[in-house]
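Let me put the sequence and the structure up, and then I'll walk you through a few spots.

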Amino acid sequence: MESVAMREISDDFLVTMAQVAGTLVGTFLIGIFFYLDSDLHKTRRGAAAADRYLRSGVRWVFLVLAVPLIVSLTLAGLEPIWGALTFIALSVLLVASTADTTYRVVARGSSAISTAFVVNEVTSTAAVVVLVTLPWVLGGWVPPPSAFVPSLLLALGSGFFSTVALVMTLFGPARQDDTPA
């Protein structure tokens, strides 16, 4: 099967993509520490299943943002085969983490956290399926660096929107059933 003709990309583009991913990871990490340091997480009443889902979701965001960070740097500095192997390894971890967060959503008590989380979970699961297969659809068995770009951009977008869903839920108004009686 012939691969689709892909436009060449520069190492500078890949490094810039890694910088954007690194910035998003850093911002997310600061947000998590801010949340943990605040009294907000202590005052929110939530089920243990919801808390496990939040932890699983945080792990997922770190993994999805690690894909463009690490794969971009690997593609910029090493041969394409190493980028492909790095992408495969991170994809396996990302698929496992996606399965875990999906399991947590259907677990009793966690899906009621927020509608934004449920919508985000459905869209991010679909994005992961596309993300992990697209380089091979576009570039064949050993895809060129340019075949990874759509997946890396999709990972950045998924990580960003998952962060938005987390912030909307944690720092938004309390749900009616969360308010004390």
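When I say contact, I mean heavy atoms within 4.5 Å. Two bits of housekeeping: this is a predicted model, where local features need pLDDT of at least 70 and side-chain atom pairs count only at pLDDT 80 or more, while totals for chains, interfaces and linings use all residues. Residues are numbered from 1 along each chain as its sequence is written, and side-chain values use heavy atoms, with hydrogens and water left out.

So, which residues does Ser97 touch, leaving aside its neighbours within four places in sequence? Those are Ser56, Arg59, Trp60 and Leu63. Ser97 itself sits in helix H4, residues 80-106. Helices here are DSSP runs (H or I, at least four residues; strands are E, at least two), numbered from the N terminus. Ser97 has 3% relative accessibility, so it counts as buried. For that, buried is under 20% relative accessible area, exposed is over 50%, and partly exposed is in between, with a 1.4 Å probe and protein chains only.

Zooming out: the protein has six helices and zero strands. Of its 181 residues, 40% count as buried. And if you take contacts between residues at least 6 apart in sequence, 82% of them join residues at least 24 apart.

Now the aromatics. Rings of Phe, Tyr and Trp (its six-membered ring) pair if their centres lie within 6.5 Å; planes under 30 degrees apart are stacked, over 60 edge-to-face, and the rest tilted. That gives five aromatic pairs. Take Trp136 and Phe148: the ring centres are 5.9 Å apart and the planes are at 85 degrees, so we call this pair edge-to-face. Trp136 is in helix H5 (residues 115-139) and Phe148 in helix H6 (residues 145-170), twelve residues apart. Buried or exposed, what is Phe148? It's at 0% relative accessibility, so buried, while Trp136, at 22%, is partly exposed.

Leu78 is in the loop between helix H3 (48-77) and H4.
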